[in-house]
Amino acid sequence: MEDWQVLLLSSLVSAVAFFAWLAHVRKTNAAAVASTPPREKTAEGIPDGFRYPVIEELADFDILNTPPLAYRPFRWGPNYHITMGLRQGAWNDWIELDSRFVEYHDIKVARMQRRGNKCVQSLPARDGIGSGADAANETVYELAEYLSRRYPSIYAVERHAPSPGDFGWFGQGQIKTVTIVPLRTTHDLDKEDSMKVAGLLVPDDLALMLPGPDGKHYLQAGSICLAGSWRLEDKIGLPLSAIHTSADVPQYREKLEFSMDRFFSKLQPDKLTLRNNYFFQVVNTDHAVPDRSSFASVDPKELSWARTALGDEDLFIQGHRAAPAPDREAESIVVRPEHIYFRSERQSLRRLPRTGAILFTIRTYYEPVTNLAREPGVPGRMASALRSWPEDVAIYKGQARYKDVLLEYLDSMHENQVREGTDSATTKYPF
């Protein structure tokens with residue numbers, strides 16, 4: 001046999017051995033993810049060693065005059081990296097309140113009245129997957145405990161006498177009622193639907209993922225009222241992977257699926273994790289003032305559902321966000337910069353200590369691009385980020401609807417800032 005043939009045969013054998021080893025490693029890692037053992041639990045149903053966090057109160061928090069935090073989670077191009085983008089969070093900052101609380105609350109109330117279990121739902125236990133109602137019950141008590149400690153001027157609570165195994169933190173007794181003081185609204189946690197109340201207590205959407213016997217996490221309950229481009233009715237009951245693949249999330253299987261499954265399986269109750277994302281949304285703001293009795297009067301800027309871009313919510317077919325449709329106004333209006341809104345989600349993830357559910361909180365920050373473009377350094381960085389999107393990301397984010405108009409506007413604003421010497425960014429990513 002010639003030397004070159006020996007060398008080729010040796011290379012082939014090495015390659016086969018490498019790929020066999022790689023397949024074994026992946027199989028072993030997947031099995032480890034699926035079988036991560038839970039912590040032992042105490043008689044109260046709390047994992048051994050877990051302690052509820054001590055929350056620093058904001059005694060005089062002014063909810064009416066506190067502006068939303070300026071999350072600006074876009075980076076300079078030319079490279080765009082698809083990652084989970086996780087960072088550790090502080091318990092004090094789990095839920096963020098600001099001057100838009102009342103507006104978001106009003107939209108949620110209207111959505112729940114109009115759409116019912118299409119936006120708020122809890123599934124029963126099934127096939128080895130825990131009860132969504134039980135997870136929702138734990139969620140509303142966790143939120144009430146945190147909110148009344150962090151924002152005591154906003155949330156007032158009444159408690160039952162302490163009893164073994166109740167949901168009260170630090171042995172103080174389970175919360176019976178919680179009052180949202182600025183709204184003069186009181187919820188009775190003994191009587192009202194837990195998932196609905198939990199959704200009304202905060203400006204965030206809420207999703208509860210419970211582990212199944214196959215190691216995957218399933219959406220068993222949620223209050224999804226402000227998502228803009230997806231509906232709870234399409235996702236409820238699905239595993240984490242199907243939630244993303246059904247929405248055509250770019251490169252999910254190639255770059256995200258394994259990491260996300262592994263993260264979910266290993267997340268412990270004493271950890272709070274945060275991430276941010278961003279989109280742009282075209283909104284037809286040229287309409288006449290809507291009738292006060294219509295839903296459009298409650299949500300004229302389409303925070304809850306992107307009607308201009310996606311059409312009628314009840315006619316929407318999931319997985320078709322980028323396809324044109326006759327009732328989509330974005331296909332017919334002449335888009336101007338003032339029609340384009342910047343939409344950023346600040347998501348938190350934590351595992352609830354009793355049910356083991358992973359609670360997603362999804363807070364949407366939403367404002368006109370014309371506001372952001374006045375901030376130092378923002379228009380140049382935003383334009384660079386927009387140009388860095390690969391084709392699949394651009395399709396997923398509906399870039400064709402606004403790209404040309406938005407880039408022309410941002411470039412002009414950036415040139416003005418360079419000329420005036422105000423183009424230096426003064427805040428760190430992701431702000």
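**Rings, sheet and helices**

Modeller: Let me begin with a charge and a ring: the charged end of Lys-397 sits over the ring of Tyr-278, 4.7 Å from its centre. This is a predicted model, in which local features need pLDDT of at least 70 and side-chain atom pairs count only at pLDDT 80 or more, while totals for chains, interfaces and linings use all residues. Residues are numbered from 1 along each chain as its sequence is written, and side-chain values use heavy atoms, with hydrogens and water left out.

Colleague: What makes Lys-397 count as sitting over the ring of Tyr-278?

Modeller: A charge sits over a ring if NZ of Lys or CZ of Arg is within 6 Å of the ring centre and within 35 degrees of the ring normal. The charged end of Lys-397 is 4.7 Å from the centre of the Tyr-278 ring, and Arg-350 likewise lies over the face of Trp-94, at 4.9 Å from the ring centre.

Colleague: Which residues do ring pairs link into a cluster?

Modeller: The cluster consists of Phe-74, Tyr-278, Phe-280, Phe-342, Trp-389 and Tyr-402. Rings of Phe, Tyr and Trp (its six-membered ring) pair if their centres lie within 6.5 Å, and planes under 30 degrees apart count as stacked, over 60 as edge-to-face and the rest as tilted. By this rule the count comes to 20 aromatic pairs.

Colleague: Why is the pair of Tyr-141 and Phe-167 called stacked?

Modeller: The ring centres of Tyr-141 and Phe-167 are 4.8 Å apart and the planes lie at 5°, so the pair is stacked. Tyr-141 belongs to helix 3 (residues 132-150) and Phe-167 to the loop between strand 3 (155-159) and strand 4 (175-180), so the pair ties together parts that are 26 residues apart in sequence. Helices (H or I, at least four residues) and strands (E, at least two) are DSSP runs, numbered from the N terminus.

Colleague: Why is Trp-389 called buried?

Modeller: Buried means under 20% relative accessible area, exposed over 50%, and partly exposed in between (1.4 Å probe, protein chains only). Trp-389 has 7% relative accessibility, so it counts as buried. Tyr-141 is buried at 3%, and Phe-167 is buried at 16%.

Colleague: What surrounds Trp-389, leaving aside its neighbours within four places in sequence?

Modeller: Trp-389 is placed in the loop between helix 11 (378-388) and helix 12 (391-396). Contact means heavy atoms within 4.5 Å, and the residues in contact with Trp-389 include Tyr-80, Phe-280, Lys-397 and Tyr-402. The C-alpha atoms of Trp-389 and Tyr-80 are separated by 6.0 Å, although these residues are 309 residues apart along the chain.

Colleague: What makes the approach of the Trp-389 and Tyr-278 side chains a polar contact?

Modeller: A polar contact is a pair of N or O atoms within 3.5 Å; within protein, one must be able to donate a hydrogen and the other to accept it, and residues adjacent in sequence count only if both atoms are side-chain atoms. For the side chains of Trp-389 and Tyr-278 the distance is 3.0 Å, and the Trp-389 side chain also reaches the backbone oxygen of Ala-385 at 3.3 Å.

Colleague: How do you know that strand 6 and strand 7 pair?

Modeller: Two strands pair if DSSP finds at least two bridges between them. Strand 6 (residues 205-211) and strand 7 (residues 217-223) have 6 bridges, in the antiparallel sense. Strand 6 is also joined to strand 10 by 5 bridges, again antiparallel. Leu-206 has Ser-223 as its bridge partner in strand 7 and Thr-361 as its bridge partner in strand 10.

Colleague: What makes strand 1 and strand 2 the edge strands?

Modeller: The open sheet has 7 strands in the order 1-8-9-10-6-7-2, with antiparallel pairing. Strand 1 (87-88) and strand 2 (120-122) each pair on one side only.

Colleague: Why is strand 10 described as largely enclosed?

Modeller: Of the 11 residues of strand 10 (residues 358-368), 10 are buried, so this strand is largely enclosed by the rest of the structure.

Colleague: How do you know that the span of helix 7 agrees with what it should be?

Modeller: The expected span of a helix is 1.5 Å times one less than its number of residues. The 15 residues of helix 7 should span 21 Å, and its end C-alpha atoms are 19 Å apart, which agrees. Glu-257 lies in this helix (residues 252-266) and is buried, with a relative accessible area of 18%.
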